[in-house]
2 protein chains.
Amino acid sequence: MLTCPTPTNVSAPVLPSWLAHYRRDNLSSDLMAGAILAVLVIPQSLAYALLAGLPPQAGLYASILPVLAYVWLGSSGLQALGPVAITSIMTYAVLSPLMAPGSPQYIAMAAGLCLLSGLMTMAFGLLRLGFLSQLLSRPVVSGFISGSAVLIIVSQLKFLLGVPASGSNSWQALLSLLAHVPQTNPVTLALSLTALLWLTLSRYGLMPLAGRLGWNTRRTEVWVRVMPLVVLATASVAVVALALDTQHQVAVVGAIQEGLGGIHLFVPGLDDLRVLFMPALVMAFIGTVQNITMGQALAAKYRDRLEPNRELVGLGAANVVAAFYSGMPVGGGLSRTAINLAAGARTPMASVSAAVSMLLIVLAGTHWLARLPLAVLAASIVVAAFSMVDIRAFRQAWAYDRADALALLGAAAGVLVLGLELGIASGILLSLVTLLVRASAPHIAVIGRIAGTEHFRNVERHGVETIPGVLFLRIDESLFFGNLNAVEARLGAELLKDARVRDVVLIMSAVNRVDTTAMEVLTDVNRDLRGRGIRLHLAEVKGPVQDRLLHSPLLKTLSGQVHLSVNSAFEALAAERLVHTGLYSI
Amino acid sequence: MLTCPTPTNVSAPVLPSWLAHYRRDNLSSDLMAGAILAVLVIPQSLAYALLAGLPPQAGLYASILPVLAYVWLGSSGLQALGPVAITSIMTYAVLSPLMAPGSPQYIAMAAGLCLLSGLMTMAFGLLRLGFLSQLLSRPVVSGFISGSAVLIIVSQLKFLLGVPASGSNSWQALLSLLAHVPQTNPVTLALSLTALLWLTLSRYGLMPLAGRLGWNTRRTEVWVRVMPLVVLATASVAVVALALDTQHQVAVVGAIQEGLGGIHLFVPGLDDLRVLFMPALVMAFIGTVQNITMGQALAAKYRDRLEPNRELVGLGAANVVAAFYSGMPVGGGLSRTAINLAAGARTPMASVSAAVSMLLIVLAGTHWLARLPLAVLAASIVVAAFSMVDIRAFRQAWAYDRADALALLGAAAGVLVLGLELGIASGILLSLVTLLVRASAPHIAVIGRIAGTEHFRNVERHGVETIPGVLFLRIDESLFFGNLNAVEARLGAELLKDARVRDVVLIMSAVNRVDTTAMEVLTDVNRDLRGRGIRLHLAEVKGPVQDRLLHSPLLKTLSGQVHLSVNSAFEALAAERLVHTGLYSI
């Protein structure tokens, strides 16, 4: 959390600092954690590759070279990189309406998407645009993730039922799925339900059970993480033993390309660029938000320091590498990182170990993965996606601030109705609109002086002295285009209430900024008031605001004075009236 | 300007209040002003109809019935309604890529666009969404208008040169135009240049000349307004006398449908709705912004009161009427309103008179308009559009606030590069992003107590007493998702500077709001600090902020205290240290 404000050095160091200062006593834990991580993420890696509409081995390859690029150039010590759910569903959502998933063009375009979004992410980092991740409020991010999780679950239903379904958007895909429900493969469905039940129980039931039975918590946690692998292995054994794939049409992963695969140099053409540009930008942006948000949470927990811009260079480089070797986008994965930490990772060396372990696994051969049933992989995706739906965040926001809760709902609905790209755009808009709406109703008080002091208070709440014909108005908000109507309306209402007013003093002690619109409107107000024989004064203008206003039309045409303090304005205007009319005596 | 905050009654009154309280001594000025207005806006009305790709008479019809609807339901007394440049170019921009301008389908779709945007504008008013016009800052509105003016000028070049040009967007139209330049009609060009010169001189040269020669200013102003009509009449006479249209291929308006025209009941189908929805929404939004902005300026100048939501109902109703009778969108026109006022209008009765006068003109026959040369109409549009390009606004914004000046440029570029719809969307985004960027770098000060007082000041600027191990941090901005990184960064930096800190006090006197993201992040910060043996305190939390925080996780888990004032926090923490360590003495 507590990030350092010093400028980040985003140029690639010869040796990453964690490696230069590596302590050897961390080595054995790191190596072990990496090996465990590599084995445990196999099902997830295959599943996300299939979710993205790519060949299963892409998920395995994505956990090798890209991870090394990230570890070399990134800054977060413990984040584990690999295929992640959101960018996988995004790849599918963008490309599946254009071409058949798994086809050579599809694979090439996926690599192009990955390349472009990687280059954009690197550019974000090099241009120090990490702050862009602040465009989204937490409720909006939470809504976006929940909405995406629902999309992911819907996309997996066809595998759970063992039916075909297609459609150029998720709504059409859902309709097509419903039409195919009668053709459900009963054996597949039985496998799915068993897997769902087993995975759900182990994920949500094991830890409480362990607590009640007094088991070792840490060991139980490892079991929770291992369980998806156990479920998949059991299911594979069942497929092989009962010939479910050959005799009962249960869909399986199928032949996985053996060996290390090759480097594919894919350079998108101009037409491809046109199609891929916006999705790549959205993907880069989402990757940025996810990576920085998670990186900061980790850094705070482990007293580490995150350098957001360097982090983006690392993430971008990983995606560029992934484009040439694997062809699927990668990101900082929440569950991967959790496994990494639970397995005892202490430094990025654990990620190196995981990459090398995955390399060995791929070299050792992946033919034993061929008869994994897709239904069980889909079940593991659904259980993972279900945990991304964050009802608690909504309840908490609702209790604290309705506007934020509505923004959360809006972002979730945006993703579901408009899709991921327009969904994130409407999320940004929602974040900004909440900001605008809040600042558009500033607190404004008519104030007077507490007799015998230099303190000024709201006339409605305190017995204070006022000067007849002088209106002191305190504005508790920076002035900008969005709240001037409210200020003008209040001023107009106060002038209607008291026709004797000849001097208006705006107290600017809480005004941190006055934007161009506000300066122009105040200039107009000053002119209008002058036409009605009323002077406009300012008091307690903050230094930076005054510097700006100095050469503006407002100060050049101001009919009244700029007073240093409210009290000096009060004294001066009271004295003036004393001289002119004898109305007020100090 | 000084609008009243009381709720607006947006239901239609039986009789508009200006009519119920009409003073008969205004009648003669109003009738005369209306008649003058009707005659003077003829060229403009024809020109904007052609700009919209519609038959010329549409512009005349639009100045009859829709005006009456507006006068009946609207609230602005002096705004003159009619065809306006921006909605006309928008109609053309939306529909011309889809079908041939002037064709029956085109005319039907234009009416549909008008109907939809009118209904949306009415809905804005009935739902009291008038405040939406605050989504745009003035510099962004100015940039948008300047960009649109350039689009309008580009759209007229083909008429000035007398060549054909087409293209589905303005860039392609420009390229097509350049390709046709060699075919320029020399007679048309001569007419265009003469008209441009004459109109420019009369618009910008007449008033200064009058000043130097001591002419009556008011009478000269009338001449300036009359001049476009004189230019057009002269050009028509020239066309007829020299047979420029029949012998020299100078394009003219052509036959104008005689008589009053009919009511066309057009109900868009579902497919049309899909095409028209977004453009209609953008048009309704732009109409809203333009109408309210201008209405407010007028209201301020004439001590009138604008009721924004009622105004929108009137504007929307006028467009609904225009959809059935005329088929082109209407709005509050800047130059129309200026003519109306210069001609001596005192109440909305002037608009009634103008509508009736236009009715009489149409009934008297418009066949004498048939040989108006298009080149001269285009010249009058270009001169009007040129005056919409506001360089001064840019210079002023640049001098006052660079960010606003860049937003202005961005909005203008957005319109030119992305078109009107995406241009306005990027304008809103730019307004909001400037707002976000400004609030994302809050002023934060480490403070201490001025010895012997209860005043606290920045330690960097004043000699103040501090308590070793206690950090007092004052945040001069509301806390929200966009500025938490800055707050965390500053806190982290201060803690790095002084490892002895065991208590952090956040002074919230300038914090008007804490959004959900901020509350959650502060909760995390509190937990992290607790883990490091540091307590977090809050001081001078404003009432509304404290109410919200009361049941939040932050206050439930806060490791330190909530102090009423900075001074009480200072006293309490100093006393605690005195007891424990004797380090500090009061």
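Of the residues of chain B, B:Leu432 lies closest to the rotation axis, its C-alpha being 3.1 Å away. That axis belongs to the rotation of 180°, with 0.1 Å of shift along it, that superposes chain B on chain A with an RMSD of 0.1 Å (least squares on the C-alpha atoms of residues with pLDDT of at least 70 in both copies). The two copies are thus related as by a two-fold rotation axis. This is a predicted model, in which local features need pLDDT of at least 70 and side-chain atom pairs count only at pLDDT 80 or more, while totals for chains, interfaces and linings use all residues. Residues are numbered from 1 along each chain as its sequence is written, and chains are lettered from A and ligands numbered from 1 in the order in which they are written.

**Interface between the chains**

- The contact draws 51 residues from chain B and 49 residues from chain A, two residues being in contact if their C-beta atoms, placed from the backbone, lie within 7 Å.
- On the side of chain B that touches chain A, at least two residues each come from helix 8 (138–161), helix 18 (391–400), helix 20 (420–439), helix 21 (484–497) and helix 22 (516–531) of chain B.
- Helix 21 of chain B gives the largest share of that side, 8 residues.
- Helices here are DSSP runs of H or I with at least four residues and strands are runs of E with at least two, both numbered from the N terminus.
- The same surface serves both copies, in that 96% of the contact residues of chain B recur in chain A.

**Domains of chain A**

- Chain A is assigned domain 1 (26–256 + 263–435) and domain 2 (444–580), with bounds from an automatic or database domain assignment.
- Taken over C-alpha atoms, the centres of domain 1 of chain A and domain 2 of chain A are 56 Å apart.

**Helix 12 of chain A**

- Helix 12 (residues 217–242) of chain A has 26 residues and reaches 36 Å from first to last C-alpha, close to the 38 Å expected at 1.5 Å a residue; the expected span is 1.5 Å times one less than the number of residues.
- At A:Val226 helix 12 of chain A bends by about 40°, and the proline A:Pro228 follows within four residues; the bend is the angle between axes fitted to the seven residues ending at a residue and the seven starting there.
- Buried residues of helix 12 of chain A include A:Arg225, A:Pro228, A:Leu232 and A:Ser236.
- A residue is buried if 20 or more other C-beta atoms lie within 10 Å of its own, exposed if 12 or fewer, and partly exposed in between, with C-beta atoms placed from the backbone.
- Among the elements covering these buried residues are helix 2 (27–40), helix 10 (186–204) and helix 18 (374–388) of chain A.

**Helix 23 of chain A**

- The 16 residues of helix 23 (residues 516–531) of chain A should span 22 Å at 1.5 Å a residue, and the end C-alpha atoms are 23 Å apart, which agrees.
- Buried positions in helix 23 of chain A include A:Met519, A:Glu520, A:Val521, A:Leu522 and A:Asp528.
- Just after helix 23 of chain A, A:Gly533 has a positive phi of about 75°.

**Sheet and strand pairing**

- In chain A, an open sheet of 6 strands has the order 4-3-5-6-7-8 with mixed pairing.
- Strand 4 (456–458) and strand 8 (562–563) of chain A are the edge strands, each pairing on one side only; two strands pair if DSSP finds at least two bridges between them.
- Strand 5 (residues 470–475) and strand 6 (residues 503–507) of chain A are parallel over 5 bridges, and A:Val470 has A:Asp503 as its bridge partner in strand 6 of chain A.
- In chain B, strand 3 (residues 444–449) runs antiparallel to strand 5 (residues 470–475), joined by 3 bridges; B:Val446 has B:Leu473 as its bridge partner.
- Strand 3 of chain B also pairs antiparallel with strand 4 (residues 456–458) of chain B over 3 bridges, where B:Gly448 is partnered by B:Arg457.
- Strand 3 and strand 4 of chain B form a hairpin with 6 residues between them, and B:Gly452 in the turn has a positive phi of about 80°.

- Most residues other than glycine have a negative phi.
- A:Arg128 has a positive phi of about 55° and sits in the loop between helix 7 (104–126) and helix 8 (138–161) of chain A.
- A:Arg128 counts as partly exposed because 15 C-beta neighbours lie inside 10 Å.
- A:Ala243, following helix 12 of chain A, has a positive phi near 50°.
- B:Ala243 has a positive phi near 50° and is found in the loop between helix 11 (217–242) and helix 12 (244–247) of chain B.
- B:Ala243 counts as exposed, with 11 C-beta neighbours inside 10 Å.
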